[in-house]
Amino acid sequence: MRTVFVNSGRFMAWYSGQASGKTWVTSAPAQVLSYWKLAASASPLGSFRRLINDLGEERVSFSISVFGLGYVGSVSAACFAHMGHSVIGVDISPAKVEMLGSGRSPIIEARMNELVAEAHGAGRLKATTDSVAAVRNSEITFVCVGTPSLRSGKLDLSHIEHVAGEIGTALKDKKSRHVVVLRSTVLPGTTESLMIPTLEKASGRRAGKDFTVCYNPEFMREGSAVGDFLQPPYTILGSQDGEHLAALRQLYQGTPAAIYETSIGAAEMVKYVSNAYHALKVGFANEIGTLCKHLGVDAQVVTSIFTSDTKLNISPTYLSPGFAFGGSCLPKDLRALGYRAKELDLSLPLLESILPSNQEHVDRAVEAVLHTKKKRVSVLGLSFKAGTDDLRESPQVQLIKRLLGEGCQLRVWDKDVSLGHLAGSNRQYIEEVIPHIGSLLSTDLEQVVKSAEVVIIGTRGVQKDQLEGLLAPGQIVFDLVNLDASRRPKGAAQYQGICW
């Protein structure tokens, strides 16, 4: 008796028993099903079951234990079983174990009853309170326990620590190599500072050598969790070594979305960035809608037009960490919205926080430069962005004024800003508002760079080949615009940003 699961991307099927039997469940055409049966009957299973598609390719089917049968754990267990893997759900709650073990979903979620009943009936989904047995009878363990907030806002990681201890105890006497995957939402550093040490202490073994630990965040929404699991936006696999991901690569083979392999810390952080951004979008939409309503403007029309712009509004544009914004539009328009909201007696804390947040980046840049204990500082770029001579509310101007006030000796270069070429309001702005900065301007890039101990890149208008021949090994470079890696000059002792 054996079970084979088939997933071609277009068709799915599984059977239990003889390949020639009548237990196949599939939407595949007859000729594809005939090939599957032939391949299944001819394929030795060995210690693993196989996933066979209509192209004759084989994939390993794993035995998986899932710790924590709450929302994430239950959905993960049901979906892995639906994909053809043998799954053991583990929980300290006898009620949850009894429900899943009898083919009923422990949670209310679309499609879960169907998936759990199907997988249980096929013998692919079981449940237990015996953590040691679950680990010993599986190859991959997913940790999906809760990480609730304490009153202070700090995460309660006691469940993760407890489960890691149980898994470690089970690994102590296990001979075959095991993969432990943390799926709970945790802050960067948690897997490596808590999960791994706890596993090592309880098992008496070393991670990376005797067992493997990875991080694989989930991106499921309540109400559509099953669909989100099977059709994810992307799959993130975090590890200390790419070789540790071999099993997860096979597990997620054929996933209909991009798979990113990265460090554990980055994988942990992506989950928080996603949730924070989703919350930000909801808050932004609600505050804009509130302002529209009080101004007598149709918020639905505004939102529809706004979201149709996929060049700037709904796009990666402006989402690269760098420096503060400036110019004649953004600061002025935010102040105007804030003032109008106050006139309407509206509290819009999200919108009101943007300008103070922007100022914090200027403050961080000042602190970063002062922390070097260097006095000779050169700034490349004075206007608020490359390709313009507009100095209005330029954050670089604010930075220079602050550094001058701290006693730094500054030189400034900007190919678009020089007293000899400026006219009209920009020339008047330098001469009347910031004359002390105007006297620091130079058109000689070589002299400006070579005279500095600290070089601040505040424009994309400077070329890599221009700088590489000028930078010296003892200099420190702060890149405020986050140049693409291929455009970053080499030669300085340190090259860094203030928020990347």
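## Helix α10

In this predicted model, helix α10 covers residues 264-295, a run of 32 residues. At 1.5 Å a residue, α10 should span 46 Å. Its end C-alpha atoms lie 47 Å apart, which agrees with that expectation.

Which residues of α10 are buried? They are I264, A267, E268, K271, S274, E287, L291 and C292. An α-helix has 3.6 residues a turn, so residues three or four places apart point the same way. After α10 comes G296, with a positive phi near 75°.

## The five-stranded sheet

Five strands make an open sheet with parallel pairing. Their order is β15-β14-β16-β17-β18. The edges are β15 (409-413) and β18 (494-496). Each edge strand has a single partner, so one side of each is left without a neighbour in the sheet. From one strand to the next, the twist averages 15°.

Strand β17 (residues 476-479) runs parallel to β18, and three bridges join them. V477 has Y495 in β18 as its bridge partner. Helix α15 (residues 395-405) packs on the sheet. This helix touches β14 (376-380), β15 and β16 (454-457). The direction of α15 makes about 160° with that of β15.

G469 sits in the loop between α19 (464-468) and β17. Is G469 buried or exposed? Its relative accessible area is 61%, over the 50% cut-off, so G469 counts as exposed. G469 and P489 are 20 residues apart along the chain. Their C-alpha atoms are separated by 8.9 Å.

## Aromatic pairs

How many aromatic pairs does a search of the whole structure find? The search finds seven. One of them joins F219 and Y234 edge-to-face, at 5.1 Å centre to centre and 90° between the planes. F219 lies in the loop between β11 (211-215) and α8 (225-230), whereas Y234 belongs to strand β12 (residues 234-238). The pair therefore ties together parts that are 15 residues apart in sequence. F219 is buried, at 15% relative accessible area. Y234, at 24%, counts as partly exposed.

F284 and F306 form a tilted pair, 6.2 Å centre to centre with 40° between the planes. This pair links distant parts of the chain. F284 is in helix α10 and F306 is in helix α11 (residues 299-307), 22 residues apart. F284 is partly exposed at 33% relative accessibility. F306 is partly exposed too, with a relative accessible area of 33%. Elsewhere, ring pairs link F80, F142, F229 and Y252 into a cluster.

## Nonpolar cores

In soluble globular proteins, nonpolar side chains tend to be buried together. Here the largest nonpolar core has 39 residues. Which residues have the most contacts inside this core? They are I64, F80, I140, F142, L248 and L251. Of these, F80 and F142 also belong to the ring cluster.

Several elements each supply at least two residues of the core. Among them are β6 (63-67), α2 (71-82), α3 (94-101) and α4 (112-121). Strands β9 (140-143) and β10 (178-182) contribute as well, as do α8 and α9 (246-251). The largest share, eight residues, comes from α2.

A second core is separate and has 30 residues. Its members include V366, L410, L441 and I498.

Conventions: Residues numbered from 1 in each chain as written. Predicted model: local features only at pLDDT ≥ 70, side-chain atom pairs only at ≥ 80, totals over all residues. Heavy atoms only, no water. Helix = DSSP H or I, 4+ residues; strand = E, 2+ residues; numbered from the N terminus. Expected span 1.5 Å × (residues − 1). Buried < 20%, exposed > 50% of the residue type's maximum accessible area, 1.4 Å probe, protein only. Pairing = 2+ DSSP bridges. Axes fitted to C-alpha atoms, helices over the stretch in contact; angles between N-to-C directions. Contact = heavy atoms within 4.5 Å. Phe/Tyr/Trp six-rings, centres within 6.5 Å; stacked < 30°, edge-to-face > 60°. Core = buried A, V, L, I, M, F, W, Y, C linked by side-chain atoms within 4.5 Å.
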